[in-house]
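Notebook open, model loaded. I'll jot down what I look up as I go.

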Amino acid sequence: MAYRRTVKLLCGLAGGSAALAVAAVAAAAADSHGYFGGGQPGDGTSRWILTVIKAAQPAWTPSSHTPAPSGHAWDSNWDKRDPSSLINGRKKESLTEDPSSEQENSKPKATRNILLIRHSQYNLSGTTDKERFLTPLGREQAELTGQRLAALGLKYDLLIHSSMTRATETANIISKHLPGVDLVSCDLLREGAPIEPVPPVTHWKPDAVQYHEDGARIEAAFRRYIHRADPKQKEDSYEIIVCHANVIRYFVCRALQFPPEGWLRMGLNNGSITWLTIRPSGRVALRTLGDSGFMPPDKLTRT
């Protein structure tokens, strides 16, 4: 009994793998004196216990618990707007101009905030774009998204939307909650197949030509709307883009410099908010991805 109390006390004080080591030493000492029933001292019981204890300890090495870096380093000139690159590639108009002063004047000063909104639920049975209008629930979702954007109290500069029916209707409903914010329609933001996903899926297999055509268009939309602020911009800006799940997921991968073929690994609810922040340095942060916590559970859909 004294032996059991001693081992229990030592294990309680040590904890973790240290406790296992203490127990192993105690077991070996006990076996050498024949304290374990069913055998003579040193009959191999302790060896069996030590084997069990060793097997219970996870093999730990820094390499097995710290993933090795993969991919390329961060490209600070990902949007081709880094001040130094702009100056180096520009012909000097004046030989007397101070290069350091020109570079300082070319630096962005403001932060761009881009809120990407997925359209609300729409009529899936429609065969044409015009027939794929919002359902009654979809209109409710758009109202909730508009209320949420208004409640954030941000000074929105612009509301851009895909020219597809479901995105246009969603944007029009949202705009009622944001008076004074201009609406702009853009064909580049239409839904499509940005790039063949990895891993592939069996339920959705567009033809190669669709990836070829849609991918170029969606990439063009990314380059138009996702970039750091212009040097002339003095204040931080907040822009809303109402578009589609595939477009938003591709934008997020590209902006964060993640492999773009991983876009289909993310899911977005209808009417959800994804928030990207682009600093003057070109650093990008994802503040929210598919936020729909402002909607009641019975209003959530992902169609």
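Ground rules before I go on. This is a predicted model, so local features need pLDDT of at least 70 and side-chain atom pairs count only at pLDDT 80 or more, while totals for chains, interfaces and linings use all residues. Residues are numbered from 1 along each chain as its sequence is written, and side-chain values use heavy atoms, with hydrogens and water left out.

**Overall**

I count 10 helices and six strands; these are DSSP runs numbered from the N terminus, helices being H or I with at least four residues and strands E with at least two. Of the 303 residues, 40% are buried (buried is under 20% relative accessible area, exposed over 50%, partly exposed in between, with a 1.4 Å probe and protein chains only).

**H7 again**

I looked up which H7 residues are buried: Gly138, Gln141, Ala142, Thr145, Gly146 and Leu149. Seen down the axis, they fall within an arc of 140°, so they line one face of the helix; the arc is taken over the directions from the helix axis to the C-beta atoms. Pro136 and Ala151 are exposed on the face turned away from that buried side. The cover over the buried residues includes S1, helix H8 (165-175), S4 and S5. After H7 comes Gly153, with a positive phi near 70°.

Beyond its neighbours within four places in sequence, Ile226 contacts Trp78, Arg112, Ile114, Ala221, Phe251, Ala255 and Ile278 (contact means heavy atoms within 4.5 Å).

**Salt bridges**

I find eight salt bridges, each a side-chain nitrogen of Lys or Arg within 4 Å of a carboxyl oxygen of Asp or Glu. Asp79 and Arg228 meet at 2.8 Å, N to O. They are 149 residues apart, Asp79 in the loop between helix H4 (62-65) and helix H5 (83-88), Arg228 in the loop between H9 and S4. How accessible is Arg228? Arg228 is buried, at 0% relative accessible area, and Asp79 is buried at 11%. Asp82 joins Asp79 and Arg228 in a network of salt bridges.

Lys176 pairs with Glu143, closest N and O atoms 3.2 Å apart. Lys176 is in the loop between H8 and strand S3 (183-186) and Glu143 in H7, so the pair ties together parts 33 residues apart in sequence. Lys176 is exposed at 56%, whereas Glu143 is partly exposed at 25%.

Arg223 and Glu219 pair at 2.7 Å, both within H9 and four residues apart, about one turn of the helix. Arg223 is exposed at 58%, but Glu219 is buried at 11%.
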